[in-house]
Amino acid sequence: MLAACSGGSSSGAIDTHQSIKGQHITVLLPSYAALPASMIKQFEAKTGVKVTLNTASWDNIHTQIATASAAGQAVADVTEFDWSWTGQFSATGWYEPLGSVLGKTASSLSNSADFTKDGKLMGACYSNDMRIGMYNTSMFAKAGISSAPTTFGQLDTDLAKLKSSGASQNPLALSLSATEGTSTEWYLLTLMMGGKLFDTKNQPVFDSPNSIAAQALQFEVNAVKNGWTSAGSTGTDNVGADNEYLNGQSAIQFAAHPGELDQAETPGQSKIAKSAAYFLEPGSSGPGATFGLPEALGIPKAAAHKAAAATFINWMMEPTTQVESFKALGLLPCNTTALSQVTGSDLKDGGLVRQETAKLTALFPNGAPAWYSEFSTQAASEINAAAKGNVTVPAAISAIAATARKLANGQ
Amino acid sequence: VTSVPETAPAAAPAPKRRRRVRAIRQRGEGWLGWALCLPLIVVLGLFVFYPLLLGLQMSTQSLDYNTGATGQFIGFRNYVNVITDPETHAAALHTIGYVVIAVAVELVLGLAFALALRRPFRGRGAVLALLILPWALPPVVAGLLWSHILDPGTGLLNSALYQMGIIGHYHAWLNNQWTAIVAISFVHAWSVVPLVTLILLAGLQGVPDDIYAAASVDGASAAVQFRRLTLPLLRPAIAIALTNGTIAAFSIFDQIYVLNGEALSTRSIMTQVYLTGFTNLNFGLGTALAWLLTLVTAIAGIAYIRSLSRAR
């Protein structure tokens, strides 16, 4: 079908001055970022542009974009644009650069660098997603632990206590299935331990079996062996791991998102309403680094209503819209004005989130390369195999590094 | 006597005319046949053969969007690359595992269910309706359902086997490569068994009861009747069931994806096609691999159809 639909793409610069009233645009977002109907109505009333909002799982959106774009079509006028797609979609040329669309607004958005390739801004950041730790205070109290761990040494001791005291059968929620969430958790652990994965030329720096990345993977394998993480976590993705924590099965998770505390304290959405708390990601000798996974909006080159799409994106970048979407969906704003407002007053434990934000570290110093998706798939598969005991940690690290080197060198 | 020479020449053109009329009628029927088949030909042409041919064209082009898809003709290079890729070898081996296990399970269970359902009994309709349920479920839903059953901590399978004393401790079935392949094959077979049962049941109901009555009179036991009568007479139905089961097993994807993600140890060729095309954006390589899978599936299908022709 892909082949049958192939055709030329309708590319061209976005004319933001043309009349857009009465136009009808489609917007494709992940289900967790589905804007409430009331917000969409506000935009429609303000601009006269009708919006159809379609949602899909995050993984599925990439497939939909790839299928449509390769056939010269646009899956929607505005689509999700993840930080990890920047290199790939920049190389394919499927998206319009947004520099002229956003104008001065671009400078008020944090994380714009994550969506910039070769000087061109490809996505407008709407979700300042990052990773922060969360723990269950009741389980910690039951195990006789008074505070959250700040180092990996403390973490090991706490996990052993949580398990032996019966506070939690499997106290650590980890994603270890062969999916994207597993790779990102391993990147996060590596950064938390003070390591790095790539140099400025995107060459891997973790080949050695003693590298910090190898230690991070060993930590995950040991977590399964020690029963800190359930054996079934080799089939758990990041959403599943998050649910383990929210359902009160696990006491600790590293991959929580800012705004999750609100969700955890809402009885309908969690079973740990009075026991959830953030903590700074632990490190080797004190709180460690964290990792940002910002998400943006992009306009496919084949989109039918680019000017209306640009108006929608500009509306989404406004501080008021971002604060509102934080209140409705828990998405931390990228707009710096909105971010200050949210972390200053609206966000629960905003001070801790601000502290964690200060520890954000880039995975790729020069932005995600075009081959990121292929690398990430292979990394997740090897981590999954190591967690299952099918390969050793050094063998898995060696295979991941070999894949990265091969891809970075264009082989 | 005199009338003979008169009638003989007059009778001669009659068969000719009849032949001509028959030929015209046959031509008319031929056209009618083509006209009736035309919608099917158009639909198949547009939605099957045209995309297949375009896919074949794509498979001979450089279409790696990560490095800049040039669309340049590169002959069979994509085919050589996928055939020599160790990941393709592993995926092919896993796929063969899925096909062999799933098709064997489907045939054995399908035949058992068809035999059990052959004779009318009270509630047969309800049993048939229930039997169809797994087939009606979307593969992703079936995968999710089984992921709970196979869960190492809370799954029904471990609990049942443990309580029956078959296992001494709970197992993570999907963590070991071969138990994972067997488990996924069973989940796939679970969805396809209803179809196989229905095909075989239809075949069984076409076998006249008189043959069995005669065999019984001749003293043939139930086992002999099954071996000598049922199986040979079911051969066409078995060939159709095998063709369907094999094609479905070669294309296994959803259950693997839901139960074990993109794990290297259980990837099928279809998983590899998906990753190559839609994750790595190398459509040239992906379509080459898809074409190879199509070829292998077609060969298996033709083999079954030929065996069906021989059975007739």
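Let me start with a term: helices here are DSSP runs of H or I with at least four residues, strands are runs of E with at least two, and both are numbered from the N terminus. With that in hand, B:Phe49 sits in helix H2 of chain B, residues 13–58.

Thanks for coming, everyone. A quick word on conventions. This is a predicted model, in which local features need pLDDT of at least 70 and side-chain atom pairs count only at pLDDT 80 or more, while totals for chains, interfaces and linings use all residues. Residues are numbered from 1 along each chain as its sequence is written, chains are lettered from A and ligands numbered from 1 in the order in which they are written, and side-chain values use heavy atoms, with hydrogens and water left out.

Back to B:Phe49. It counts as partly exposed because its relative accessibility is 47%; on this scale buried is under 20% relative accessible area, exposed is over 50%, and partly exposed is in between, with a 1.4 Å probe and protein chains only. B:Phe49 also belongs to a nonpolar surface patch, whose members include B:Trp31, B:Trp34, B:Ile41 and B:Phe47. Together the patch residues have about 1200 Å² of accessible area. A patch takes residues with over 30% relative accessible area and no salt bridge, joining like charges within 9 Å and nonpolar side chains (Val, Leu, Ile, Met, Phe, Trp, Tyr) within 5 Å.

Next, the interface. How many residues of chain A are in contact with chain B? There are 30 of them, facing 28 residues of chain B, where contact means heavy atoms within 4.5 Å. About 2400 Å² is buried between the two chains, and carbon and sulfur atoms give 57% of that. Buried area here is the accessible area (1.4 Å probe) that two parts lose on being put together, summed over both. Between chain A and chain B I count 0 salt bridges, a salt bridge being a side-chain nitrogen of Lys or Arg within 4 Å of a carboxyl oxygen of Asp or Glu. On the chain A side, the elements giving two or more residues are helices H1 (2–5), H3 (58–70), H4 (86–92) and H16 (372–388). H16(A) supplies the largest share, 8 residues.

A polar contact, by the way, is a pair of N or O atoms within 3.5 Å; within protein, one must be able to donate a hydrogen and the other to accept it, and residues adjacent in sequence count only if both atoms are side-chain atoms.

So where are the salt bridges? Over all chains the structure holds 9. One of them pairs A:Glu96 with A:Lys306, with the closest N and O atoms 2.8 Å apart. A:Glu96 is in the loop between H4 and helix H5 (99–102) and A:Lys306 in helix H12 (306–317), so this pair ties together parts that are 210 residues apart in sequence. A:Glu96 is buried, at 5% relative accessible area, and A:Lys306 is buried too, at 12%.

Another joins A:Arg405 and A:Asp207, at 2.6 Å from N to O. A:Arg405 lies in helix H17 (393–408) and A:Asp207 in the loop between helix H8 (180–192) and H9, so parts 198 residues apart in sequence are tied together. Here A:Arg405 is partly exposed at 31%, and A:Asp207 is partly exposed at 35%.

The next one, A:Asp262 with A:Lys348, has its closest N and O atoms 3.7 Å apart. A:Asp262, A:Glu265 and A:Lys348 are linked in a network of salt bridges.

Let me finish with a few loop residues. A:Asp129 is in the loop between strands E6 (124–127) and E7 (132–136) of chain A, and counts as buried because its relative accessibility is 14%. Beyond four places in sequence, the contacts of A:Asp129 include A:His257, A:Gly292 and A:Glu295. Its side chain also makes a polar contact with that of A:Arg131, at 3.5 Å.

A:Asp118 has a positive phi of about 50° although it is not a glycine. A:Asp118 lies in the loop between E4 and strand E5 (120–121) of chain A, and is exposed at 71% relative accessible area.

Conventions. Accessible areas come from the Shrake-Rupley method with a 1.4 Å probe; for residues, only the protein chains shown count as cover.
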